[in-house]
Amino acid sequence: MALSAPAPSRVFAELVPAQAPTPLTPAQAGRGGPPAPSGREVHVSGSAELSAGPDRARVSARLSSRKEAAGAARSSVTRRLEYIAQTARQRGVPVCIIFSDFGKMQNVCNLLIEKLGTSVTISPPHFYHTPEAVDTLRRQVCVAAVENTRRKAQEVCRLFGQSLGKPLLIREEETREWGGHTESHLPNSPDLLTLQERIQNATAYASCRVFAVFEIKGKENRRNKLL
């Protein structure tokens, strides 16, 4: 998965003076409620953008044969169809000709055209993403945004000689997805596009922006700073 240039991000820091902790109510204490906030927090906003190329390609083959008798033409087409299936199996490709290895796809298509000539017509490949690949991209861009936000909060704390504590709030504020094709949406691309252009057109992009609040623990340990 390629990492594209991150979108501009804004960093907001709010250093709140220490306040006396608010005591828990008897109901909260009885049920083990959350600890009172320390009042020392850093608020940070960050984002990330990732892209993922298609992980599947589909091609279709149309066979034709001209014979004097219909039975002979049908037999000719059947033999060619069996040859296509055999060629795919020998190269570890599913017989339905859905490819996950685009190099093998090119080799198989070229070989079929070479061996069968004008009797076979192979469509340009349609590249797309499986639902699993799309879900993986969504998770990865969210995790990347959270990690970017944590690093920025850490840098803000170091700027003031403070140490970053645990996260108090992480909120996903905006997600965007664009480009890419799924299995159920395979648009017809112009025949003049190259293989790489088709792959680029089917590349999916996703961005995520998160807002987070982290606890400020106190003075940064000089020994850790030197490390």
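Guide: Two residues are in contact when heavy atoms of theirs lie within 4.5 Å. The model discussed here is predicted.

Visitor: Which residues does Val134 touch, not counting residues up to four places away in sequence?
Guide: Val134 belongs to helix H4. Its relative accessibility is 16%, and because buried means under 20%, Val134 counts as buried. Once residues up to four places away in sequence are set aside, Val134 touches His129 and Glu177.

Visitor: By what distance are the C-alpha atoms of Val134 and Ala204 separated?
Guide: Along the chain, Val134 and Ala204 are 70 residues apart.

Visitor: Against which strands do the buried residues of H4 pack?
Guide: Helix H4 covers residues 131-159. Its buried residues include Ala133, Val134, Leu137 and Val141, as well as Ala145 and Asn148. An α-helix has 3.6 residues a turn, so residues three or four places apart point the same way. The buried residues of H4 pack against strands E1 (41-52), E7 (162-179) and E8 (204-219).

Visitor: How many Å does H4 reach from its first C-alpha to its last?
Guide: H4 has 29 residues, for which 42 Å is expected at 1.5 Å a residue.

Visitor: Which residue with a positive phi follows H4, and which takes a positive phi just after H3?
Guide: After H4 comes a glycine with a phi near 70°, Gly161. Just after H3, a phi of about 60° is taken by Gly117.

Visitor: Which residue caps the N-terminal end of H3?
Guide: H3 has 15 residues and reaches 21 Å, close to the expected 21 Å. At its N-terminal end, the backbone nitrogen of Gly103 lies 3.0 Å from a side-chain oxygen. That oxygen belongs to the capping residue, Asp101.

Visitor: How many aromatic pairs does a search of the whole structure find, and is the pair of Phe102 and Phe127 stacked or edge-to-face?
Guide: The search of the whole structure finds two aromatic pairs. The ring centres of Phe102 and Phe127 are 4.8 Å apart, and their planes stand at 75°. Because planes over 60 degrees apart count as such, the pair is edge-to-face.

Visitor: How many residues apart are Phe102 and Phe127, and are these two residues buried or exposed?
Guide: Phe102 lies in helix H3 (residues 102-116) and Phe127 in strand E6 (residues 126-128), so that the pair links distant parts of the chain, 25 residues apart. As for accessibility, Phe102 and Phe127 are both buried.

Visitor: Is the pair of Trp178 and Tyr205 stacked or edge-to-face?
Guide: The pair ties together strand E7, which holds Trp178, and strand E8, which holds Tyr205, across 27 residues in sequence. The ring centres are 5.8 Å apart and the planes lie at 10°. Because planes under 30 degrees apart count as such, the pair is stacked.

Visitor: Which residue lies over the face of Trp178?
Guide: Trp178 has a relative accessible area of 30% and is partly exposed. At 4.5 Å from its ring centre, over the face of the ring, lies Arg176.

Visitor: Which backbone oxygen does the side chain of Thr203 reach?
Guide: Thr203 is placed in the loop between helix H5 (195-201) and E8. With 9% relative accessibility, Thr203 counts as buried. Leaving aside neighbours within four places in sequence, its contacts include Ser51, Pro54, His129 and Trp178. At 3.0 Å, its side chain reaches the backbone oxygen of Ile199.

Visitor: By what distance are the C-alpha atoms of Ser45 and Glu172 separated?
Guide: Ser45 has its place in strand E1 and is buried, with a relative accessible area of 9%. Along the chain, Ser45 and Glu172 are 127 residues apart. Their C-alpha atoms are separated by 9.9 Å.

Visitor: What share of the contacts with a separation of 6 or more comes from residues 24 or more positions apart?
Guide: The protein has six helices and eight strands, and 33% of its 227 residues count as buried. Among contacts with a separation of 6 or more, the share from residues 24 or more positions apart is 83%.

How values were computed. Residues are numbered from 1 along each chain as its sequence is written. This is a predicted model: local features need pLDDT of at least 70, side-chain atom pairs count only at pLDDT 80 or more; totals for chains, interfaces and linings use all residues. Side-chain values use heavy atoms; hydrogens and water are left out. Helices (H or I, at least four residues) and strands (E, at least two) are DSSP runs, numbered from the N terminus. The expected span of a helix is 1.5 Å times one less than its number of residues. Buried means under 20% relative accessible area, exposed over 50%, partly exposed in between (1.4 Å probe, protein chains only). Rings of Phe, Tyr and Trp (its six-membered ring) pair if their centres lie within 6.5 Å; planes under 30 degrees apart count as stacked, over 60 as edge-to-face and the rest as tilted. A charge sits over a ring if NZ of Lys or CZ of Arg is within 6 Å of the ring centre and within 35 degrees of the ring normal. A polar contact is a pair of N or O atoms within 3.5 Å; within protein, one must be able to donate a hydrogen and the other to accept it, and residues adjacent in sequence count only if both atoms are side-chain atoms.
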